[in-house]
Amino acid sequence: EKLKELTKDHTGVEVKIGEEIAHTKVMKSGCHGFCEMGPLVRIEPYNYLYIKVKLEDCEEIYNETILGGRPVERLLYKMDGVTYPSQEEIPFYAKQTRLVLKNCGHIDAEHIGGALAVGAYAGIEKALFEMTPEAVIQTIYDSNLRGRGGAGFRTGRKWQQVASQKEKIRYVVCNGDEGDPGAFMDRSIMEGDPHRMIEGMMIAAYAVQAQEGYIYVRAEYPLAIERLKTAIRQAEAIGLLGDNILGTNFSFHLHINRGAGAFVCGEGSALTASIEGKRGMPRVKPPRTVEQGLWARPTVLNNVETYANVPMIVTNGADWFKGIGTPESPGTKAFALTGNVRNTGLIEVPMGITLREVIYDIGGGIQNDKKFKAVQIGGPSGGCLTEDQLDSKMDFDSLAKIGAMIGSGGLVIMDEDTCMVEVARFFMSFTQRESCGKCVPCREGTKRMLEILERIVAGNGKPSDMEELRELADMIESTALCGLGKSAPKPVISTMNAFEEEYLEHINEKR
Ligand code: SF4
């Protein structure tokens, strides 16, 4: 606001910036991803990224950079004696492959013109005018795009299954619930580049011949909701959404549903129940969502990041996409890098990168020169990986082989001082609180596990506790109704496997 105030006389008029004549415009963009260094100000056309900007820096930015074309040295990122004038050269960004997040932080997310200028809606245009719905599905299938929300199911296969249903009323739903602690990838896309995701949903709707779509966003994301509403309104105003899109006979109407913040509503059947106005609880399957999803109609349900990949694939082709990442997990993945790492933030990397590269090259290593201890990957449904697994590749299959999962993409880094029993207790208390209570193994089993973990942390553990935890975990994993329950014991089991001595220390150190 301060910068806007200072430049208001130049907005829309030509001013001299260095040797260039340009218009000055101060825009509130989406997230740049480098959370640790925020608040951030990016100056174009120079690509300067100013870090930790304070209100009192604005006059200097105005005088030196906006009027003078010179960088404010003290606000530039520095590491190991090197100053980085250009955002793209900063190691945090240089090692990333930002495709889905490409426009986040670079365009005005509140005006469709900014998105159109960088190619938004080119994918749906190509689909509508150059491809049949079947060809679109085939392209997504051939690209081997896998769902970015957790399980990694093949997106093209899901679309094929919906398209093959006899029922002709179909729906396209976007899961923007993102309830994992430490995950905010989808939020950034919705806030920073909402048209990319909307376009992905439109392409899915055209592919399966759906006319209605729903975006389910958690109510804790008010800015995302506002920007999505604005984006939908602006797309409707110029004929990109609504009836007879771009003069064709394809019509698509998009609605927003706010979730009340229940983690379980990230599960497909609970999410569709919630949109229908019912209590968000998973149901027994089959029928699956592709057969009977929203209002018992065939439904394409993907998450925000999955849809955000779709326009690029349609525009550039399946082979282009397969050239990034690994053959079985092509493309990139956005991760939220949090915890005891130097550069916390939102990153996007090609699938197959190692954990070590992410934590040390992009994340800058562990804060305060402490030793790395573990990383919780994939949120409460994921697992805990240790030092000897740092060279593991981050893709769906490699992580599954070592008992972990990408999940939605949360990465919580822990240093040598972290108590792993407390970490397990934290995640168990989260899933226990979020259990919808429908089935006994999850409702009661997680409660019992939490009680045991609480007494171990408090120094009142019993010698039989670890065995009891394993028995309960086994029972919950094999009998709980949905993924929340089935995966709830994972953080406990993986920390017990890797840090058994810590559990024993707690149990033996009676208070
Ligand atoms: Fe609800 Fe847990 Fe059962 Fe899932 S496993 S249906 S969250 S009680």
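Trainee: Which residues of helix H8 are buried?

Mentor: This is a predicted model, and burial is judged by counting neighbouring C-beta atoms within 10 Å, with 20 or more making a residue buried. In helix H8, the buried residues are Met185, Asp186, Arg187, Ser188, Ile189, Met190, Glu191 and Gly192. That is eight of the eight residues in 185-192, so the helix is largely enclosed by the rest of the structure.

Trainee: What lies in the loop between E7 and H8?

Mentor: Glu178 has its place there. Look at its backbone angle, too. Most residues other than glycine have a negative phi. Glu178 has a positive phi, near 30 degrees. Glu178 counts as buried because it has 28 C-beta neighbours inside 10 Å.

Trainee: Is Asn47 buried or exposed?

Mentor: Asn47 counts as exposed, because 12 C-beta neighbours lie inside 10 Å. Asn47 is not a glycine, yet its phi is positive, at about 65 degrees. Find Asn47 in the loop between E3 and strand E4 (48-50).

Trainee: Where are the cis peptide bonds at Pro39 and Pro286?

Mentor: The general idea is that most peptide bonds are trans. Here Gly38 and Pro39 are joined by a cis bond, with omega about 0 degrees. Pro39 sits in the loop between strand E2 (20-23) and strand E3 (41-43). The bond from Lys285 to Pro286 is also cis, with omega near 0 degrees. Pro286 belongs to the loop between helix H11 (268-275) and E10.

Trainee: In what order do the strands of the sheet with E7 and E10 run?

Mentor: The order here is E9-E8-E7-E10, an open sheet of four strands with parallel pairing. Strand E9 (253-259) and E10 are the edge strands, and each pairs on one side only. From one strand to the next, the twist averages 20 degrees.

Trainee: How many bridges join E7 to E8, and how many join E7 to E10?

Mentor: E7 and strand E8 (residues 212-218) pair over six bridges, with Val173 having Tyr214 as its bridge partner in E8. Strand E7 (residues 171-176) pairs with E10 over five bridges, and Asn175 stands opposite Asn303 in E10.

Trainee: Which residues of E10 lie on each side?

Mentor: In a regular strand, side chains alternate between the two faces of the sheet. In E10, Thr299, Leu301 and Asn303 are on one side, and Val300 and Asn302 are on the other. Both faces are covered, and these residues are all buried.

Trainee: Which helix lies across E7, E8, E9 and E10?

Mentor: Helix H9 (residues 194-208) does, running at about 150 degrees to E7. Leaving out residues up to four places away in sequence, Ala204 touches Trp159, Val172, Val300, Tyr307 and Val310.

Trainee: Which strands stand at the edges of the sheet that contains E12 and E14?

Mentor: First take the order, which is E12-E11-E15-E13-E14 in an open sheet of five strands with mixed pairing. Strand E12 (345-350) and strand E14 (383-386) are at the edges, each with a single partner strand, so one side of each has no neighbour in the sheet. The twist averages 30 degrees from one strand to the next. Within this sheet, strand E13 (residues 372-377) and strand E15 (residues 410-415) run antiparallel and are joined by five bridges. Val375 stands opposite Ile413 in E15.

Trainee: How far apart are the C-alpha atoms of Arg146 and Ser329?

Mentor: Arg146 and Ser329 are 183 residues apart along the chain, and their C-alpha atoms are separated by 7.0 Å. Arg146 is in the loop between helix H6 (133-143) and helix H7 (155-163). Arg146 counts as buried because it has 26 C-beta neighbours inside 10 Å.

Trainee: Which residues are closest to the ligand?

Mentor: The closest are Cys436, Cys439, Cys442, Cys482 and Gly485, among 14 residues that surround the ligand. By class, this shell has nine nonpolar, three polar and two charged residues. Helix H17 (440-457) and helix H19 (483-487) each supply at least two residues of the shell.

Notes
Residues numbered from 1 in each chain as written. Predicted model: local features only at pLDDT ≥ 70, side-chain atom pairs only at ≥ 80, totals over all residues. Pairing = 2+ DSSP bridges. Axes fitted to C-alpha atoms, helices over the stretch in contact; angles between N-to-C directions. Near = placed C-beta within 6 Å. Nonpolar A, V, L, I, M, F, W, Y, C, P; charged D, E, K, R; others polar. Contact = placed C-beta atoms within 7 Å.
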